[in-house]
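Reader: I would like to learn how to read helix features from a model. Please take them one at a time.

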Amino acid sequence: MDNESIRMDCNRGCVCTTDLTTGEEHFTYREGCCKLRDHNYLAGIPDQSFKDIFEVRFKNTRKGFYRNASGQNVKLGDMVIVEATTGCDLGIVTLEGPLVGRQLKCKGVDPSVVELKKIYRKAKQNDIEKWQEAIAREQDTMIQARRIAAEMGLEMKIGDVEFQGDGSKAIFYYIADGRVDFRQLIKVFAEEFRIRIEMKQIGARQEAGLIGGLGVCGRELCCARYITNFKSISTAAARVQDLSLNPQKLAGQCGKLKCCLNYEVAVYQDAQSRIPRVAEPLEFEDGFAYLRKTDILKEVMYFSYDKHSDADLYALDAADVREIIKMNRNGVKPESLKSDPEPSVPEFVTAVGDDSISRFDAPRKKGKRRKKGGRK
């Protein structure tokens with residue numbers, strides 16, 4: 001380890017190990033660095049239906065399915081030269097076996113109908129060196145591209161640049177609120193960088209997935225970890241969950257509404273379907289009871305005899321509230337809200353029980369306080 005230098009390329013999911021004595025570089029696939037990776041829970045199952053089809057991954061979230069036409073024994077983690085629209089590209093095999101068939105079906109790709117691109121061969125050392133030379137140009141190219149776009153007055157932001165494995169083509173990912181006429185920009189890029197240019201527009205959430213980061217929950221961003229299809233999110237999802245409509249709290253790092261707002265909407269909608277709508281106060285023999293708050297997940301509603309105070313609240317189960325509403329419509333008034341027992345709801349219990357978190361602290365010794373002005 002003392003004679004080796006390790007560098008991780010998390011954008012492509014590989015680790016570069018450089019031998020300091022000879023200067024040779026070796027690249028290996030690292031599954032933990034790979035964004036949007038698929039866990040192969042069907043690994044080891046003897047299914048030969050998709051033995052020649054592999055998932056090949058490139059920079060960030062770009063990946064595709066390729067058919068092995070090389071005749072070589074390709075396996076998980078191999079760096080391979082694959083067919084591209086123009087020239088060839090270099091990628092890493094990230095999925096093999098029966099799960100490839102599941103992924104093809106999920107994406108609506110039928111290999112018997114759609115002609116998949118080919119895997120030409122395994123990458124050689126000179127291919128990897130050319131690939132690394134192209135990668136080294138990406139950062140400088142992105143900075144120059146941003147400067148050129150700003151000088152031309154285009155309302156767009158270039159978020160990332162990805163070079164093809166042979167260095168003959170580059171994909172420029174950009175963000176724009178409206179339509180951008182970049183025909184002149186492509187000509188300037190072609191003259192400046194001497195490569196083929198492809199412009200690909202992405203959204204703010206896709207940019208966050210490309211860059212990555214940590215959310216307010218302390219975990220990796222969902223868009224960078226596993227989300228591939230971005231569904232529309234509206235403030236209605238926050239209203240269903242009784243969340244505060246504060247833009248600073250509801251927005252993620254991309255400036256849009258957080259993707260996690262949609263995670264529990266179905267649970268809240270299901271619970272709300274069993275909660276009656278209270279348009280008028282409930283009538284009891286000792287007065288009117290007004291709805292003050294509702295616990296949606298517990299399906300418990302809290303009422304008070306004072307319309308403008310939460311000092312004395314009485315809890316009622318949602319099913320009981322529905323029965324009381326029917327009784328009021330029939331002209332029947334229950335005796336009193338105060339006589340109803342507290343509804344029993346399941347409470348959360350921690351894995352360590354109900355012990356105090358200070359149970360591991362050393363007990364303090366109680367000593368007598370010395371009076372002021374007393375004897376020593």
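Reader: Which residues are buried in helix α9 (residues 265-272)?

Author: First, the basis: this is a predicted model, in which local features need pLDDT of at least 70, side-chain atom pairs count only at pLDDT 80 or more, and totals for chains, interfaces and linings use all residues. Residues are numbered from 1 along each chain as its sequence is written, and side-chain values use heavy atoms, with hydrogens and water left out. Buried means under 20% relative accessible area (1.4 Å probe, protein chains only). In α9, these are Val265, Tyr268 and Ala271.

Reader: Why do the buried residues of α9 line one face of the helix?

Author: An α-helix has 3.6 residues a turn, so residues three or four places apart point the same way. Down the axis of α9, the buried residues fall within an arc of 130 degrees (taken from the directions from the axis to the C-beta atoms), so they line one face. Their cover includes α7 (236-240).

Reader: At what angle do α3 and α4 pack?

Author: Two packed helices are described by the angle between their axes and the distance between the axes. For α3 (residues 138-151) and α4 (residues 183-193), the angle is about 140 degrees and the axes are 11 Å apart. Angles under 35 degrees count as roughly parallel, over 145 as roughly antiparallel, 65 to 115 as roughly perpendicular and the rest as oblique; α3 and α4 are therefore oblique.

Reader: Which residues of α3 and α4 make the contact?

Author: With contact meaning heavy atoms within 4.5 Å, α3 supplies Thr141, Gln144, Ala145, Ile148 and Ala149, and α4 supplies Leu185, Val188, Phe189, Glu192 and Phe193.

Technical notes: Axes fitted to C-alpha atoms, helices over the stretch in contact; angles between N-to-C directions. Helix = DSSP H or I, 4+ residues; strand = E, 2+ residues; numbered from the N terminus. Buried < 20%, exposed > 50% of the residue type's maximum accessible area, 1.4 Å probe, protein only.
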